[in-house]
Amino acid sequence: MVAAVGYLMVSTWRFYSFKDIDFSSRHPFRLIILFGALIAGLWFFSKPVLFGVALLYTFSGVFWRLQWIFRRRKQPRPPTYKEASQTS
């Protein structure tokens, strides 16, 4: 597990950075309840909840990378220069 996390730290795999969250706009009630439950979980069960959040964040980055790899394979390849110049 340490080797896998170490690889992810030095790799170029992208993880969500939370920079686009807008706290000044309105949020649904469910999101407020979720944040409250997360804070309560951190307050009462800090070690397991922090470990779970870290695992969830790690697996989300791996999941999005694998999804990108499989989605990229399904797209058709662009035409070569020779093929593109013949159609013009």
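His27 sits in the loop between helix 1 and helix 2 of this predicted model. Its relative accessibility is 33%, so His27 counts as partly exposed.

**Confidence**

- Mean pLDDT over the chain is 84.
- A score of at least 70 is reached by 94% of the residues.
- Helix 2, residues 29-44, has the highest mean pLDDT among the elements of the chain, at 91.
- Helix 4, residues 81-87, has the lowest, with a mean of 69.

**Largest pocket**

- The largest pocket holds about 380 Å³ of space.
- Its lining includes the aromatic residues Phe18, Phe23, Phe35 and Tyr57.
- Ile21, Leu31, Leu34, Leu38, Val53 and Leu56 also line the largest pocket.
- Which element gives the most to this lining? Helix 2 does, with 4 residues.
- Helix 3, residues 46-74, also supplies at least two residues of the lining, as does helix 2.

**Nonpolar surface patch**

- Met1, Val5, Tyr7, Met9, Val10 and Phe51 form a nonpolar patch on the surface.
- Together these residues have about 720 Å² of accessible area.
- Helix 1, residues 2-10, gives the most to the patch, with 4 residues.
- Val5 is one of the patch residues, and Val5 is found in helix 1.
- Is Val5 buried or partly exposed? Val5 is partly exposed, because its relative accessible area is 37%, which lies between the cut-offs of 20% and 50%.

- Ser17 has a relative accessible area of 45%, so Ser17 is partly exposed.
- From Ser17 to Leu55 the C-alpha separation is 16 Å. Along the chain, Ser17 and Leu55 are 38 residues apart.

- Lys74 is found in helix 3.
- Why does Lys74 count as exposed? Its relative accessibility is 74%, and the cut-off for exposed is over 50%.
- Lys74 and Arg26 are 38 Å apart in space, C-alpha to C-alpha. In sequence, Lys74 and Arg26 are 48 residues apart.
- Pro78 is found in the loop between helix 3 and helix 4.
- Pro78 has 67% relative accessibility and therefore counts as exposed.
- How many residues apart in sequence are Pro78 and Phe15? The two are 63 residues apart, and their C-alpha atoms are 28 Å apart in space.

Notes. Residues are numbered from 1 along each chain as its sequence is written. This is a predicted model: local features need pLDDT of at least 70, side-chain atom pairs count only at pLDDT 80 or more; totals for chains, interfaces and linings use all residues. Side-chain values use heavy atoms; hydrogens and water are left out. pLDDT is the predictor's confidence in each residue, from 0 to 100. Patches are made of residues with over 30% relative accessible area and no salt bridge: like charges are joined within 9 Å, nonpolar side chains (Val, Leu, Ile, Met, Phe, Trp, Tyr) within 5 Å. Accessible areas come from the Shrake-Rupley method with a 1.4 Å probe; for residues, only the protein chains shown count as cover. A salt bridge is a side-chain nitrogen of Lys or Arg within 4 Å of a carboxyl oxygen of Asp or Glu. Buried means under 20% relative accessible area, exposed over 50%, partly exposed in between (1.4 Å probe, protein chains only). On a 1 Å grid over the protein atoms alone, a cavity is a set of points where a 1.4 Å probe fits but cannot get out, and a pocket is an open set with protein on both sides within 12 Å along at least five of seven lines; lining residues have an atom within 4 Å of a point. Grid points are joined across faces, edges and corners, and a volume is the space filled by probe spheres set on the points.
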